[in-house]
Amino acid sequence: MLSAASLVTLVTGARADTELSTVKVDTPRGTFVFTKYLGSDDKVYERVQDERGAGVAIAAVPSTPVSPISRALEVELRRLNARDARVTVDISLRDDVPRGGPDGSAAAESVTNQSIEPTGTINGARAGLGEFAADTVRISRELEEAQATRRGLRLEILNKLSSVEGLQLSGRELEQASDAFGPLVRTIAAGDVERLVREYGDLIAAIDLHQEGKDDTLATALADTSVDPGARQLSDSQGTGIGVYLTESGCPPAGFITSYTLLAGSNTDHSRNTTSILRAVSPNAWLYCRGPADLPTAAQLLGSGGNPRVHIVSRSNGSAATEYVALDRDWDNFTYDNAVIVSKSAGNNNTSGAITAPGNGLNMITVGNYNDATNTIAASSSAADPTNTRNRKPELAAPGENIDAGGFTMSGTSMAAPHVAGMLADAMQAYPWLQLRPAIAKSHMIAAATDVISGGVDAVGEGGADYLSGYYAFHDFWWWGGNGYFNTAADSDGLPGNGSVDVLFNFSAGQPVRVALAWPNRGTYTFDHRGDPHPIGIDLDLYVYAPNGTLVSGSASWDNPYEAVSFTAPQTGTYRVAIRRFANRDTAAISDMGLTINW
Amino acid sequence: MRPNALYTAIALACCACAAQSTQSTAGSSSAAPSAAGTVASRCTDFSAQTCPEATCSTLRGRVLDAAANCLGLDVAVGCEEQRACDDALTYAKGPDGRIFRFSNTCIPRDFTLIQHAAANERSCPAP
């Protein structure tokens, strides 16, 4: 759901001091209002006011104190009130391995013309499949090196923690824990929780009360998303060569569907339904399933038995969370570190109710559920934004009402998420540059979510997912480098000195256009700063200017990891799409931006 | 954003789903501290009204008025261990014969799953 006025889309020309977006932030010392506005000099400024409307220096706005120990665990420890009582906890490790990249060598981008053939750009230079393929080899090598470093770091941390009562790990357990991405699950004495934080705070990011994973036992939808006819009739859009990892309470047995590897988990009706939806949307993607819900291990991520690497994770499972929690952190880090995109069910707690974790994650594509018979968002689809990070949820919507698949008819956001995961797999085969570049994968899906779904932007997100809308007539731009690379790109884009990364694009008058921008964020930064007024590490904004210099549309949220604008081109000519880095709070984060122009 | 040729609508046959649900409704099997202290007991031993939220989850459902196609108030109907649940709407009949809609697949062990086509049910008008 969209926080009150946290995002404003401009549809008229800029005036002096035009207000762009406003967000209210609650702190221990009252509520503060942050406003972005466009000055008469075409630069964006911020203004902070207290509850009385008085101006306040940004540095004077206090953070809310946060503890590595989750609220649920604190409550449980107080209730137990006995140091020797046993409690099972999730221990999230500080296993960040910085991703780097060049801070120089951007190439200038000339005007891009419309073409029915999809095209792409890397760091300002036009790139075809060959350039993207060569670059993909580089990404793969760097990810593998980072994975090896991270494994070594986890081993080091785990060895140090092994001296704590209850945390001792056998050689095999050590091997498994170092290969995992998620938290270490252990049962320890209640009294050891605070000691862990006190003595090993530099190794531990969060300690949460463990939740046991549960392990118990379409056709109109495909038409509505233009998967059929569409992807199912296009030989390059079948998910060939793409690994999709599903995780929820259980998994169908081996052999239940084709091109499928059962990693773990017992049979459930629910998983039969969700895997069958994914199989219908993406006939040739290789599916992996592991239950109960968990991230893949490092070995599983790379594929097994000669089958494809995991590029997409689909999770139709979670527990309601009104805040950004440690699970969101872990999943955000996983996507950031491994260049994987996640399609996550929003949950079914009503449009005013909580998203299910880790759906509040910044890097997730969180999917709401709409009824494809009426093109209306389901009243049950969750849409409340997390109260501490305020990033907007859900991102988009997909069919989820009465989906008959796998022998069962089911409803909910569980059924919506695999639609999006399957569409991502199809698109990744058709446009391989979406692989290992989750920033473009996300901007591409948001730009293509052009189906009009009633229910309001707060509940629906940017729109209904549509495969063909993102198959023809689009251009994907990708920028990648170290943290300082943004400035290099801004200075070498042909329009230096204005502080923005600019793209020049020709549109015809009357043409409907959607532009989406997405960038991955480090979960570690957001979790560690979740008490700050703005916990997002990198804040980018998006503006589109008409040939005469008038601002046509803009999206300048405070706490979102993406921006999107839709407009009808008012005149024929060359438009300027400008990306501004409003805040660079997390200087350890890379500059990784995906921009998709869809017309 | 797409060629007109592919706008052609195709009426797709909707599969009838006669298969009956076989999903287990097994409840908790793990031990959780009781409200009184550290003596182990199961979350499922607590009533919905005494369910300790710190360690267990209160299961809540909304009574379905099938005739009016609307949902009644949110009612606490069970207690079980905290866990992540699958995000599918789930319909189940309680021991008293009433049908409830749950927001996920976690339902009380003494409830029976039923097949029911979701119809985007809204809240029933106040009596």
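Which residue takes a positive phi in the hairpin of β25(A) and β26(A)? In this hairpin, which has five residues between its strands, the residue with a positive phi, near 90°, is G549(A). The structure is a predicted model, in which local features need pLDDT of at least 70 and side-chain atom pairs count only at pLDDT 80 or more, while totals for chains, interfaces and linings use all residues. Residues are numbered from 1 along each chain as its sequence is written, chains are lettered from A and ligands numbered from 1 in the order in which they are written, and side-chain values use heavy atoms, with hydrogens and water left out.

Helices (H or I, at least four residues) and strands (E, at least two) are DSSP runs, numbered from the N terminus. Two strands are taken to pair if DSSP finds at least two bridges between them. Strand β25 (residues 538-545) of chain A pairs with β26(A) in the antiparallel sense, over four bridges. The bridge partner of L542(A) in β26(A) is S555(A). Strand β26 (residues 551-555) of chain A has five of its five residues buried, so it is largely enclosed by the rest of the structure. Here buried means under 20% relative accessible area, exposed over 50%, and partly exposed in between (1.4 Å probe, protein chains only).

L542(A) is also among the residues touched by I579(A), which lies in strand β28 of chain A. Contact means heavy atoms within 4.5 Å. Leaving aside residues up to four places away in sequence, the contacts of I579(A) include W479(A), F486(A), V501(A), L517(A), L540(A), M593(A) and L595(A). I579(A) counts as buried, at 0% relative accessibility. Between I579(A) and S443(A) there are 14 Å in space, C-alpha to C-alpha, and the two are 136 residues apart in sequence.

Over all chains, the structure holds 21 aromatic pairs. Rings of Phe, Tyr and Trp (its six-membered ring) pair if their centres lie within 6.5 Å; planes under 30 degrees apart count as stacked, over 60 as edge-to-face and the rest as tilted. The ring centres of F507(A) and Y575(A) are 5.2 Å apart and the planes stand at 70°, so this pair is edge-to-face. F507(A) belongs to strand β23 (residues 500-507) and Y575(A) to strand β28 (residues 573-584), both of chain A, so the pair ties together parts that are 68 residues apart in sequence. F507(A) is buried at 1% relative accessibility, and Y575(A) is buried with a relative accessible area of 0%. In chain B, F102(B) and F111(B) form an edge-to-face pair, with 5.7 Å centre to centre and 80° between the planes. Both F102(B) and F111(B) are buried. A cluster linked by ring pairs is made up of F132(A), Y431(A), W433(A), Y467(A), Y471(A), Y472(A) and F474(A).

A charge sits over a ring if NZ of Lys or CZ of Arg is within 6 Å of the ring centre and within 35 degrees of the ring normal. The charged end of R580(A) sits over the ring of Y543(A), 4.8 Å from its centre. Likewise, the charged end of R99(A) sits over the ring of Y336(A), at 5.8 Å from its centre.

Y336(A) is one of the buried residues of α8(A), which also include W331(A), F334(A) and D337(A). Twelve of the 13 residues of α8(A) are buried, so this helix is largely enclosed by the rest of the structure. The expected span of a helix is 1.5 Å times one less than its number of residues. For the 13 residues of helix α8 (residues 326-338) of chain A this gives 18 Å, which agrees with the 18 Å between its end C-alpha atoms.

An open sheet of three strands in chain A has the order β7-β4-β8, with antiparallel pairing. β7 (184-189) and β8 (204-209) of chain A stand at the edges with a single partner strand each, so one side of each is left without a neighbour in the sheet. Strand β4 (residues 86-93) of chain A pairs with β8(A) over five bridges, and I91(A) stands opposite I207(A) in β8(A).

Chain B has nine strands and zero helices. Of its 127 residues, 43% count as buried.
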